[in-house]
Amino acid sequence: MNAPDPDPATSPGDRKKAPARRPLFEALPGWVGVSTRLVHGARRPDLNAGAVVAPIYQTTTFHYPADYSEARDTGSVYLYTRVDNPTREVAEELIRGLEGGERARLYGSGMGAISAALLSLLRPGEEVVALDTLYGGTLDLLGWMGPQFGIPVRWVSESHAREPESLVTPSTRLVFLESPTNPVLHVHDIQRWAEAAHRVGALLLVDNTFATPVNQRPLALGADLVLHSATKALGGHADLLAGAAVGADDLLRRIDPHDTLGSVLDPFAAFLLARGLRTLGLRVARQNENGRRVAEAVSGHRALERVHYPGLNDPEEEAIALRQMTGRGGMVALDLKGGLPVARRFLRALRLVHVASSLGSVESLASIPGETSHRHHSAEELARRGISPGLVRLSLGIEDPEDLVRDLTEALDHAT
Ligand SMILES: Cc1ncc(COP(=O)(O)O)c(C=O)c1O
């Protein structure tokens, strides 16, 4: 997959005045692919004494020249790490190039990015259309923002989500999607949702955490803003919290315009994120393979009611996945017969796969969404969203596929 080479990014600087700063990073040829871009996409030797690996600027503040206002336009003058920091810019540039946006901003967590976007882009009375199968934290945030700020939220169930044209109305200002969804991995037609949103002048925001930009690029499909929990596959090693927002320059300038919401990424976490990003292409390729191998191997197992995997058992979703994804990712969810006690027996029998929440890391993880990501939701709400008490979500890592298949099938055998 070759990413087009959008305009070089500029540093955030004072976004109120939108100064035209010179490009911070060396431009790459337009023909480079994803992995090449991840390795070479944030070169800035002039600032970093020629260092191949950009250093960690672990400083809160920077000496700046007396003529700051003129000097900042050279692209090498910084003010204060909550506003801008060269280490954070490296990771921002890699993610910007990966998603094909004009600008990327990093936050202290995925929820930091999502809350900054929603709090900035919505005003009282402006309607949001959102899937009711989003990540639990996003559901909680929108559920809180609705009454708190007078923002009507129109929740869309999976059974209605295939007709976006009938759900987005002239009063809709913002649509929030995930595809595949968490945890039951439904696939939604991003292009069709973008067209429906744009017809009424609404913005489409897509949380691309599950798919990763290696497998799916929502901006190219018409989305206005891509959000990430970079804590997950982008970081990839379960050792940092981070969030990202990517999109057009003018839209990014509307999000937390004065850097006062305070959810910023620390320079050390930004360094770890940039380091993790360099291997994203390799890791996601293996996770795609592990997801497919595990979904195939466990399908039909006597312990299972159902296997959830993007496009599996649903021709319409399969067709959408084929159109908009280049790989299905490493997420699989298993619906165990016998509910919670059997799911727990399965988890206890795992020898390699960690029992832990989160996803997208090099090590495989298994968790029960009803007790982790969706723990604030009632039994009825969970049932409505297809999250049964016996649902176990798997995030497959980069281990050898046959080892994962063996560990998981042995634990399923034990659970029955
Ligand atoms: C799809 C999705 N979006 C957002 C988040 C929130 O990210 P963070 O935990 O980095 O705040 C998560 C966390 O699990 C997630 O799965």
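This is a predicted model: local features need pLDDT of at least 70, side-chain atom pairs count only at pLDDT 80 or more; totals for chains, interfaces and linings use all residues.

Residues are numbered from 1 along each chain as its sequence is written, and side-chain values use heavy atoms, with hydrogens and water left out.

**The whole chain**

Show the protein chain as a cartoon: it has 14 helices and 12 strands (DSSP runs numbered from the N terminus, H or I of at least four residues for helices and E of at least two for strands). Its radius of gyration is 21 Å, close to the 22 Å from the globule rule for 416 residues, so the chain is as compact as a globular protein of that length. Here the radius is taken over C-alpha atoms, and the rule is 2.2 Å times the number of residues to the power 0.38. Along the principal axes, the C-alpha atoms fill a box of roughly 70 × 50 × 35 Å.

Next, colour by accessibility. Of the 416 residues, 58% are buried (under 20% relative accessible area; exposed is over 50%, partly exposed in between, with a 1.4 Å probe and protein chains only).

**Salt bridges**

How many salt bridges are there in the count? The count comes to 22, each being a side-chain nitrogen of Lys or Arg within 4 Å of a carboxyl oxygen of Asp or Glu.

Select R253 and D249, whose side chains form a salt bridge at 2.9 Å, N to O. The two are four residues apart in helix α8 (residues 249–254), about one helical turn. Is R253 buried or exposed? With 14% relative accessibility, R253 is buried.

Move on to E289 and R293, another salt-bridge pair, at 3.2 Å, N to O. Both sit in helix α10 (residues 280–298), four residues apart, about one turn of the helix. E289 is partly exposed at 27% relative accessible area, and R293 is partly exposed at 28%.

Now pick E371 and R344, joined by a salt bridge of 2.2 Å, N to O. E371 is in the loop between β11 (365–367) and α13 (379–384), while R344 is in helix α12 (residues 339–349), so this pair ties together parts 27 residues apart in sequence. E371 is partly exposed at 38% relative accessibility, and R344 is partly exposed at 36%.

For the last stop, select R162, D314, E316 and E317 together: salt bridges link them in a network.
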